[in-house]
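Welcome! Here is a short briefing on the nonpolar core and the aromatic rings of the structure shown below.

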Amino acid sequence: MLDLEKYILRIADSALIISHRLSEWCSKGPTLEEDIALSNISLDLLGQANSLLEYCASINGKISADDLAFKRNKKEFYNFQICELENGHFGDTIIRQFLFDSYTLLFFQKLSESKDETLSAIATKSIKEIKYHLRHSSNWVIRLGDGTSLSKEKIQNSLNNIWKFTGEFFEMDELDKKMVKNNIGVDVYQLKNEWDNIINATFEKAKIQRPDDSVMITGSKKGVHTELLEKILNEMQYLPRTYPDAKW
């Protein structure tokens with residue numbers, strides 16, 4: 001696999017897996033309006049993933065975007081582990097989405113400056129969608145944090161439980177450094193200060209406390225995942241693996 005293919009998969013897989021998670025809210029949202037909102041965000045993320053997987057497949061020339069989505073195993077996925085986390089209650093989903101949205105907006109804004117014209121175009125197209133995603137999730141964080149004592153307690157607990165997965169956002173390995181050197185990829189370490197500003201400002205409005213950074217979970221760039229990814233793939237890949245020649 002070429003370096004560029006693997007780099008694209010890292011971006012695509014996160015969008016694909018968190019899209020699948022959000023799709024699980026369809027018909028189960030706390031209100032009809034929110035059910036539709038979460039479903040639409042899921043579709044946006046699926047569209048981003050599809051564009052990236054199509055590009056990756058075109059570089060490879062021997063596989064399709066569907067092959068990449070449905071025929072890789074757990075160790076061949078490179079999504080952030082935060083994207084695998086179960087939806088839990090509404091506050092769990094909102095915190096997971098807010099932390100992810102605030103990172104991806106900054107990431108795609110920088111990726112839009114990539115020397116790779118296709119990556120730049122995909123990122124540019126996605127920015128408008130991600131701005132809406134972040135506005136939606138941040139508004140809910142504030143609403144729940146500055147709401148009742150119960151909603152405040154639940155959103156704080158959600159944040160405390162999920163925070164340890166945010167360390168992966170700012171890891172730089174040799175592939176990242178190579179992509180940055182070639183003016184293709186993003187130096188994610190340089191996004192940290194701005195991400196902190198977004199996070200801290202929102203938490204202040206929500207009147208919730210930012211957790212300590214002492215324990216962070218890493219490893220997704222090496223194919224390390226929670227046991228939850230296997231369950232997602234078993235469901236997501238069931239039909240194309242059971243009926244590989246089916247057309248629909």
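The largest nonpolar core has 74 residues, and Ile82, Leu99, Tyr103, Phe107 and Trp195 touch the most other members. Such a core is a set of buried Ala, Val, Leu, Ile, Met, Phe, Trp, Tyr and Cys residues joined through side-chain atoms within 4.5 Å; buried means under 20% relative accessible area, with a 1.4 Å probe and protein chains only. Helix 4 (residues 90–111) gives this core its largest share, twelve residues; helices are DSSP runs (H or I) of at least four residues, numbered from the N terminus.

This is a predicted model, in which local features need pLDDT of at least 70, side-chain atom pairs count only at pLDDT 80 or more, and totals for chains, interfaces and linings use all residues. Residues are numbered from 1 along each chain as its sequence is written, and side-chain values use heavy atoms, leaving out hydrogens and water.

**Aromatic pairs**
- There are 14 aromatic pairs, counted when ring centres of Phe, Tyr and Trp (its six-membered ring) lie within 6.5 Å; planes over 60 degrees apart are edge-to-face.
- Phe80 and Phe169 pair edge-to-face, 5.1 Å centre to centre with 75° between the planes.
- Phe80 is buried at 10% relative accessible area, and Phe169 is buried at 0%.
- Tyr103 and Phe170 also form an edge-to-face pair, at 5.9 Å and 85°.

**Charge over a ring**
- Arg72 lies over the face of Phe77, 4.0 Å from the ring centre; the rule asks for NZ of Lys or CZ of Arg within 6 Å of the ring centre and within 35 degrees of the ring normal.

Key. Buried < 20%, exposed > 50% of the residue type's maximum accessible area, 1.4 Å probe, protein only. Helix = DSSP H or I, 4+ residues; strand = E, 2+ residues; numbered from the N terminus. Phe/Tyr/Trp six-rings, centres within 6.5 Å; stacked < 30°, edge-to-face > 60°.
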